[in-house]
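I had some time with this complex today and wanted notes I could come back to. Here is what I looked up, chain by chain and then where the chains meet.

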Amino acid sequence: MKRLLRRQACLLDFTLSSLARRPGKNLGLLLVYGLIVFLLASVMLFTDALRSEARQVLARSPEIILQRVVAGRHALIPAGYLERMGRIRGVTARHGRLWGYFYDPAVQANYTLLVPRNRRIADGEIVVGAGIARTRGLDRGDFLTLRGSDGTARSFRVAERLEGESELVSSDLILLSEADFRAFFGVPEGLYTDLVLTVRNPRELRKVAEKLTLRLPDTRPILRDEILRTYDAIFGWRQGIVFVLLAGAILAFVIFAWDKASGLSAEERREIGILKAVGWETSDVIRMKFWEGAVISLSAFLLGYLAAYAHVFYTSAALFEPVLKGWAVLYPEFRPLPRVDGLQLATLFFFTVFPYTLATIVPIWRAATTDPDQVMR
Amino acid sequence: MRPSARFALFIGLLTTLLSLSLLDAGLRGGDAGDRIARMRRQVEALELTDLALFTEARYTRNPTQADWFTPFQDHPMALEHFPSGSLLQPPALLRRPR
Amino acid sequence: MNGAPAMEVIRLQQVKKAFNQGRPNEFWAIRGVDLELEPGRITVLKGPSGSGKTTLLSMIGCLSRPTSGRILLGDRILSGLPERFMTEERRRTFGFIFQQFNLIKGLTALDNVMLPGCPLGGDHRALRQRARELLGRFGLEDRAASRVEWLSGGEAQRTAIARALINQPRCLIADEPTANLDSRLSEAFMEIVAGLREQGMTVLLTSHDPLVYDAPVVDRVVAMHDGRVVD
């Protein structure tokens, strides 16, 4: 055992000294390799963190949302639908929800106006999300003037700002009273944006949704599961897009690395001949080459991953936030929860370290099995 | 010091950092559980359904609440998430006629 | 050297070697050699280029196998050994000095000397110490940390000798050792060889340099021509 370790250490010594012969080239290789790992790992960590955050946070969003669809488009739903749907087993509460979008030309941003049900807001007052407060420079007591659907400008007093912590879900929100909402958008009494149904038993969700579509054929129920799944898909997809964008760079690197790792120069061939002539076994030569691949790829993997971790969780993935999150004027400020998925890390390890190490060993096999007496010729 | 010893030290250091990152993820992730809980309460209270990441249009602000026919939406049941809807099929469950 | 078991006699029986056998450019480099090499002696294989002396040397040194015939070390047959054991012999029994020295460029003299000891898995510090001692013995202690391409011809050769001796072989094999040296350095080389013989080492050289085969320390000269021994 000791002997084996010593032997490996000695081979590693040789490999490192031999890598140090071309410091520029090999450091450059390490850098590019590390950069690739860094980009892949950043995308991976970031999207995974975001996905898990969405899953956790939205776990408490409404179980079922019922939209009315008119001519294929989302339309206001009459309060009467609450009675029309009748008693459905499993539904413990139902009520109308009022919310809508408002485009503010002053900052070219979309706000989401929402009437909270569990909270009273006085007429003429609003509660604003941190993103809006930041963009419009609003604080408690300030007034925000918006032009309503009838063309008249209305001023609202900012009663409160939503805490910054929850920006990820509330950055663009304006909370206001029902009366203000209806007046501002011109939504008549008795109409809601959509209906919210509370179903305590998740196993009854499907049944409830089926009954709803039967009894109210012009509506579409949206289940919480679907919402969560959509988010999984979105981030999966955005991750995919970035991977596609990166694919070109990765391919270029693969070609470069393959060439570098697998191409055996005449000089290297001669060196292998010398090593064999002075008593190295074929397996020693292969082990030495294995170390060469392992040194580069393992270092690149570790450096790349660590840089990505710092990048994503300590600088909020500053480099490609825009690509991953889409663009938004009211961009939420948030730092994703640090989260590392062991399986993903293993996958990254497998796909970055193994191919390169293999590429260094494969050609050597051929060279190492050639006769050592070539050095005499 | 021998090159191999130096390398072992280097890799050891990086591996330690890697373990620390896992530890950090575990710890800070745990700490932030409060934050998640508060956000979850807010989501529940305001009956929110979506992240405020993409606010540029209604079919992206609330991708799950979009119309059946919104721009770039290729399938009525594809809950739109621009522009991915054009590349991604809706879940098989939804494509089954009901 | 000290402590190493005594070298046995090397016997070659009807050794033949063909290159590109069975192809149109088939070429017989060695056409039947019978030879007995006494241990503890300096033997020189002499002959014009193409006479097969290097081929013969590489077969004796277990770098290649004869096409037919046998090579024995004592009563062991070297020529039929599997690759692993051939390597083992190269490592333990023989030390090689090549015509081009074949040092590995970019590495230091010390690293080069330590190379053959690497796969043995011995104590690293001891190996390094031995390499330093060998370099010191040849007056290279202050060149140990220099890259080999910065060494002069004579220094490079002495480094190569040190490398050949690192595993304490019983037989030193040198192919045209003076081909790249001037006469002063050639004489210095023969002095070193003489010193090694003093210590009981078997030395096997090829050369067509009279400075080598006419040197007084040489015990035996084997003349070769066209793959045969012409005594």
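Predicted model: local features only at pLDDT ≥ 70, side-chain atom pairs only at ≥ 80, totals over all residues.

I then listed the elements of chain B and got four helices and zero strands. Read from the N terminus, the order is α-α-α-α. Chain B has 98 residues, and 35% of them are buried.

**One residue in chain B.** I picked B:Arg35, which sits in helix α2 (residues 33–46) of chain B. Is B:Arg35 buried, exposed or partly exposed? I counted 18 other C-beta atoms within 10 Å of B:Arg35. Buried would take 20 or more and exposed 12 or fewer, so B:Arg35 comes out as partly exposed. I also checked B:Arg35 against B:Ile11, 24 residues away along the chain, and their C-alpha atoms are 35 Å apart.

**Chain A, domains.** Domain 1 is made of two stretches, 2–58 and 230–376, while domain 2 covers 62–223. Taken over C-alpha atoms, the centres of these two domains of chain A are 48 Å apart. How many residues of each domain take part in the contact between them? I found eight from domain 1 of chain A and eleven from domain 2 of chain A. On the domain 1 side, that contact is made of six nonpolar and two charged residues, with no polar ones.

**Chain A, UniProt record.** The unreviewed UniProt entry puts "transmembrane region" at residues 30–50, 240–258, 298–324 and 345–368 of chain A. I checked one of these spans in the model. Residues 30–50 of chain A are 100% helix and 0% strand, and the end C-alpha atoms lie 29 Å apart.

**Chain A, helix α9.** Helix α9 (residues 266–277) of chain A has twelve residues, which at 1.5 Å a residue should span 16 Å. Its end C-alpha atoms are 16 Å apart, so the two values agree. Which residues of α9(A) are buried? My list reads A:Glu271, A:Ile272, A:Gly273, A:Ile274, A:Leu275, A:Lys276 and A:Ala277. After α9(A) comes A:Gly279, and its phi is positive, near 110°.

**Chain A, strand β12.** Then I went to strand β12 (residues 194–199) of chain A. Why call β12(A) largely enclosed by the rest of the structure? Because five of its six residues are buried.

Chain C has an open sheet of four strands in the order β2-β1-β4-β5, with antiparallel pairing. Its edge strands are β2 (27–37) and β5 (76–77) of chain C, each pairing on one side only. I counted eight bridges between β2(C) and strand β1 (residues 10–19) of chain C, which run antiparallel. One partner pair I wrote down is C:Lys17 with C:Ile30 in β2(C).

**Where A meets B.** The contact brings together 63 residues of chain A and 51 residues of chain B. Several elements of chain A each supply at least two residues to its side, among them α2 (23–57), α8 (224–262), α10 (282–314) and β1 (64–70). By class, I sorted the chain A side into 37 nonpolar, 15 polar and eleven charged residues.

**Where C meets A.** Here I got 25 residues from chain C and 25 residues from chain A. On the chain C side, α1 (53–60) and α2 (83–92) each supply at least two residues. Which element of chain C gives the most to this side? It is α2(C), with four residues. The chain C side splits into nine nonpolar, ten polar and six charged residues.

Methods: Residues numbered from 1 in each chain as written. Chains lettered and ligands numbered in written order. UniProt positions renumbered as here; feature names shortened; annotations may be inferred. Contact = placed C-beta atoms within 7 Å. Nonpolar A, V, L, I, M, F, W, Y, C, P; charged D, E, K, R; others polar. Expected span 1.5 Å × (residues − 1). Pairing = 2+ DSSP bridges. Domains from an automatic or database assignment.
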